[in-house]
Amino acid sequence: MTQVKLQNVTKEYGSETAIEDVSLTVESGETLAVVGPSGCGKSTTLRTVAGFESPTGGRVLFDGEDVTDERPEERNVGIVFQDYALFENMSVMENVTFGPRMNGVQKNERVNRAEELLELLDIGELRDRSPSTLSGGQQQRVGFARALAIEPEVLLLDEPMTGLDAKLKRQLRSEIGSLLNEIGVTTVYVTHDQQEAMAMGNRLAVLNDGWVEQIGTPEEIYERPVNRFVADFVGVSNMLPATVTDDVIDVGVAKLKRNGHPANSDGTLVVRPEDFTVGSGAIEATAVDLFYLGDQTQLEAELNNGESVSVRLDRTTDAIKPGDSISLDIDSQAVHLIDQ
Ligand code: ADP
């Protein structure tokens with residue numbers, strides 16, 4: 001297994017800087033999800049690891065070895081794209097054995113390897129079918145099998161679930177997640193979908209406008225975002241301006257216990273919808289809108305200083321109607337203070 005390191009990688013296209021000074025490490029066997037809005041540089045980062053792009057500055061290292069100037073075929077990377085990119089004139093089996101055949105693997109071995117992967121991905125019965133007769137989900141499973149068949153040092157996945165319906169996505173997510181853990185291949189997983197990134201990544205790198213804003217485990221990113229961008233991009237955040245003194249965090253509508261947050265550092269308090277409790281507490285608010293989401297209801301409320309907040313209601317909360325006066329409390333242990 002291979003450790004992948006980008007050191008201060010910059011890629012410019014003319015006057016356009018696609019990524020700037022990106023440094024990150026994908027540890028051997030882990031899945032790093034690279035996540036951020038459209039145009040933030042995710043694909044450029046992935047293509048640089050693959051060797052399709054040469055960086056304008058910085059270095060790419062595989063296990064400490066400089067591969068910056070190596071061509072893609074010298075790097076032994078497996079790639080899965082959003083649009084499957086299967087060979088339409090070949091059967092599923094031929095697609096999956098194509099890479100190993102090019103690499104000179106003997107026929108018996110490549111067929112055995114392909115059969116094993118098709119079984120693992122639960123598509124053994126599709127081996128003789130043409131890709132054009134398969135559903136999107138089936139084609140993407142073939143895409144995974146084809147990428148893994150070359151026994152890559154590094155697996156690169158570029159929005160592999162985009163375009164699949166929500167249920168299929170959830171199913172593939174869990175199957176592919178277990179498969180990656182089982183095989184233990186070092187993986188870079190590019191997605192614009194923060195939930196998918198949290199589900200698939202052992203760690204996440206959050207990109208914004210060509211920069212890495214934060215790298216961390218899903219818990220670190222969600223519970224301790226380093227700035228407003230990360231707090232806003234990953235999950236739903238309420239951002240309340242805060243003044244912190246020795247003992248309390250004052251957010252205007254309430255004073256909370258400081259609870260280990262840095263003292264004397266004014267900033268913004270990140271309050272997740274689930275950090276509120278409804279029905280007790282000193283914060284007065286008015287219910288504005290309610291969105292029923294099945295397992296929860298999202299309440300949009302207006303505080304008496306005019307700020308709007310999103311609050312998560314669980315199913316047991318008594319019915320609240322738009323226009324009702326409510327009281328809210330904030331769990332001071334759960335909230336997070338950022339210094340912007
Ligand atoms: P993402 O994958 O996050 O959507 P990309 O890596 O594709 O972002 O693009 C990052 C930025 O670089 C964008 O502003 C995009 O327009 C620009 N870019 C990407 N590829 C090229 C290219 N071949 N020529 C010029 N600009 C490019």
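Analyst: Start with Q139, which touches Y84, L86, E88, P131 and L134, leaving out residues up to four places away in sequence. A contact here means heavy atoms within 4.5 Å.

User: Before we go on, what kind of model is this?

Analyst: It is a predicted model, where local features need pLDDT of at least 70 and side-chain atom pairs count only at pLDDT 80 or more, while totals for chains, interfaces and linings use all residues. Residues are numbered from 1 along each chain as its sequence is written, and side-chain values use heavy atoms, with hydrogens and water left out.

User: Fine. Where is Q139 found, then?

Analyst: Q139 is in helix α5. Helices (H or I, at least four residues) and strands (E, at least two) are DSSP runs, numbered from the N terminus.

User: Q139: buried or exposed?

Analyst: Q139 has a relative accessible area of 12%, so it counts as buried. The cut-offs are under 20% relative accessible area for buried, over 50% for exposed, and partly exposed in between, using a 1.4 Å probe and protein chains only.

User: Which residues does N95 touch?

Analyst: L86, F87, M90, P131, V142 and R146, again without residues up to four places away in sequence. L86 and P131 are also touched by Q139. N95 sits in helix α3, residues 92-102, and is buried at 0% relative accessible area.

User: What does the side chain of N95 have a polar atom close to, within 2.8 Å?

Analyst: The backbone nitrogen of F87, at 2.8 Å from a polar atom of that N95 side chain. A polar contact is a pair of N or O atoms within 3.5 Å; within protein, one must be able to donate a hydrogen and the other to accept it, and residues adjacent in sequence count only if both atoms are side-chain atoms.

User: Change of topic, the ligand. Which residues are around it?

Analyst: Y13, E16, A18, P37, S38, G39, C40, G41, K42, S43 and T44. Near means that one of a residue's heavy atoms lies within 4 Å of the molecule or strand.

User: How does the shell split by class?

Analyst: 4 nonpolar, 5 polar and 2 charged residues. Ala, Val, Leu, Ile, Met, Phe, Trp, Tyr, Cys and Pro count as nonpolar, Asp, Glu, Lys and Arg as charged, and the others, Gly among them, as polar.

User: Why is α1 largely enclosed by the rest of the structure?

Analyst: Because 7 of its 9 residues are buried. These are K42, T44, T45, L46, T48, V49 and A50. G51 follows α1 and has a positive phi, near 100°.

User: Which non-glycine residues have a positive phi?

Analyst: N76, at about 55°, is one of them. D122, at about 65°, is another. Most residues other than glycine have a negative phi. N76 lies in the loop between α2 (72-75) and β6 (77-80), and at 25% relative accessibility it is partly exposed. D122 is in the loop between α4 and α5 (136-149) and is exposed at 54%.

User: Last one. How many helices and strands in the chain?

Analyst: 9 helices and 19 strands. Of the 340 residues, 49% count as buried. The UniProt record, an unreviewed entry, lists residues 4-234 as "domain: ABC transporter"; UniProt positions are in the numbering used here, feature names are shortened, and annotations may be inferred rather than shown by experiment. That span is 39% helix and 26% strand.
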